[in-house]
Structures are given as structure tokens and as C-alpha cells.
Amino acid sequence: MSAEPATDLGTNTAAGTVPGRWAVDPASIGPGDVLVLRALGLGDALTAVAPLRGVRRMLPGRRTVLAAPAGVGAWLAGLGVVDGVLPVPGLVPLPPVPGGHVAVNLHGRGPLSHDLLLASRPERLVGFAAPEAGHDGPPWRPDEHEVHRWCRLVAEAGGPCGPEDLRLRDHRPAPEDAPVVIHPGAASGARRWPADRWRQVAADLASDGHRIVVTGSPAEAGLAAAVVAGIDAAENRCGTLDLDGLTCTVGAAAVVLSADTGVAHVATALTVRSVVLFGPTPPALWGPAVDPDLHTVLWHGDPTAQAWGDPHADRLDERLAAVTPAEVLTAARSQLGASRT
């Protein structure tokens, strides 16, 4: 992942309109407020839950406003992670605000994201060191896990937090009839495991007696249809779920199978067992950061390499291509065997 991406590695949500309950008037943002920038999509938003909780500890009693895409921001506000949303589609100029607030950059290392926040005239900016923006702060570490990186930033600013703050609920045993959720899509071809392999996994798990639920965006309808084709026990919910519906679907699963994308982070946050297939990005940087017994990661990369693949490339990454259906089935069956506890 680059330091200044404008979109999520998984599900991307446009700025859109925030429901009135969570929408914040820019003219009301000033002293007593904290304005946090994380103008990214679902997976990135969920990795920021832990540092956002640290921000609340850093400045208790202050209103926390998240500058983020409307859908994701309102969803986090509904969960109580933040108090309100300033909708932005990415790294674009923020609406004029009175100033005097505390600004927190959870988006990138700057200078662009720093400059956008500095233009809002905060009394204080919390962010990584960016000499180009004239800001001094902790150093950026490119080999650091995404969750640990932002928790380190906020903790050094006075807001203790850690990976355990990612959880949106405690783990609970799965009911007997809980389905296997398969999310076969990803935003780029590099992280999109072939549909015929997902179908093989779905068919074999259905033969074991499990219900299968396939999720995805409307644009992934063809992919989802290929995965469920001819499998009577498979239900295709692709394109039918908003974020609340996706949360309910993942939360009710016995296990979630996906590539390295937003849904994997939903499973981590909801403490639902998962199997996550990694390709161009090492799990040491973006894998589940908490509850390792609940999450199996499959990756055929070299952790000592100086560089890996491009997570935004169009072609299937060779490390992801090396993951076999047999591996996924073994991992899924292992997690299913433990899912009642």
C-alpha cells in the first residue's frame, strides 16, 4: 500500500451523502473538536478503529469528526467509533472550517495529507514527520503493520491503543446452521483468486453439508455467479448488501473466506473465524493483527524479500496464484471444526 492512496484496497465507497444524524456542518468544527483524516474505504477504515479509539483517550470529551467517504464514515459513527462525519471522496481540499481544532492525520505520511489538514488551521496537528510540510513527528516505518503504525502515532501523542481495540464485539461460538461466507472479489486483479478455484472450494464445503453465502459488489455479479453455479447449497447475495447488511452477514458466519480485502477486516473486527489469501502484500503488513487463533493466513511469499508485488496491478500475483484449493479447504475445515467454541 502506498503512503497516500485515495481508495481502499478492498471495497471503495464514494463521498455521497451522510445521514443527517451523523453529518457535521464544517462551520461548526473548531476548538473542542478533533478532525481525523482517513479518506479511504472499508478495509482501511477498519484498521483505523484502534487508533481512533486512542484518539478518544488522548482527548476525552471532545467531539471526534472523521473526514472520510460518507458510507464508511456514517457506518463507523453508527458503531460509536466516531461522533460525526465530514464526507470527502479522497485526498481533496476540505471544506472551510473555523479552525482551532486538533487535526489527526491517519491517512498517510504527507506531505499532501498534512497540507490538507494544515489548511484547516488546527491548533495542533498529530501526524508523522514530513519535512516537506514543515511538520515534525514520529518517523514513518515502511515495514510496519498498518494497525501498529497508526497506534504508535496516536500512542506517542498521548492516546494509548493497541490491536485489541480493533474488536467491535467479543468472539462468540457459531450456531449449528451458520454459513460459510465466501467473498471472491477484490479491487484489483492482483488480489483476485481465480473464480474456478473459489467454486471448487464452495462445492467441496457444500458437499460437507455447509451452507454457502457469496458476497460482493454489484460489479462482481459475474464473478459471484460463477462461484455459485450448480451448487444448490450456495446463496448469491452479491450486490444486495449495504455495509450494515454485510456486517450482519459476516457476523453470522461460521467462517469467512476471502482475499486480502475489506471483508477480511470486517471478520477481524467482528471476531469471526476467517481464512485470508494473500498475494502481493505480506500478511505481516496487512494481516489480522489480533486473535491469531481465529484467523488463518495463506501466503507463498518470501518475508525477507526487499519488495513484493503491486497490490493495484491488473494481473494475478504469482504468490496468490500459488495458493491451492486444497490449502484453502484444509484451513477452512480446521476453522469450521473449531467454530462451535
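Reader: At roughly what angle do the axes of helix α3 and helix α8 cross?

Author: Axes are lines fitted to C-alpha atoms, for helices over the stretch in contact, and angles run from 0 to 180 degrees between N-to-C directions. In this predicted model, local features need pLDDT of at least 70, side-chain atom pairs count only at pLDDT 80 or more, and totals for chains, interfaces and linings use all residues. Numbering starts from 1 along each chain as its sequence is written, and side-chain values use heavy atoms, without hydrogens and water. Helices (H or I, at least four residues) and strands (E, at least two) are DSSP runs, numbered from the N terminus. Here α3 (residues 70–78) and α8 (residues 243–251) cross at roughly 55°, their axes coming within 10 Å.

Reader: Why is α3 oblique to α8?

Author: Under 35 degrees is roughly parallel, over 145 roughly antiparallel, 65 to 115 roughly perpendicular, and the rest oblique. The crossing at roughly 55° therefore makes α3 oblique to α8.

Reader: Which residues of α3 and α8 meet?

Author: Contact means heavy atoms within 4.5 Å. From α3 come Gly71, Val72 and Trp75; from α8, Leu243, Asp244 and Thr247.

Reader: In what order do the five strands form the open sheet?

Author: Two strands pair if DSSP finds at least two bridges between them. The order is β3-β2-β1-β4-β5, with parallel pairing. β3 (84–87) and β5 (124–126) are the edge strands, each pairing on one side only. Twist averages 25° from one strand to the next.

Reader: How many bridges join β2 to β3?

Author: Four, with β2 spanning residues 63–68. Leucine 66 stands opposite valine 85 in β3. Across β2 and β3 lies α3, running at about 175° to β3.
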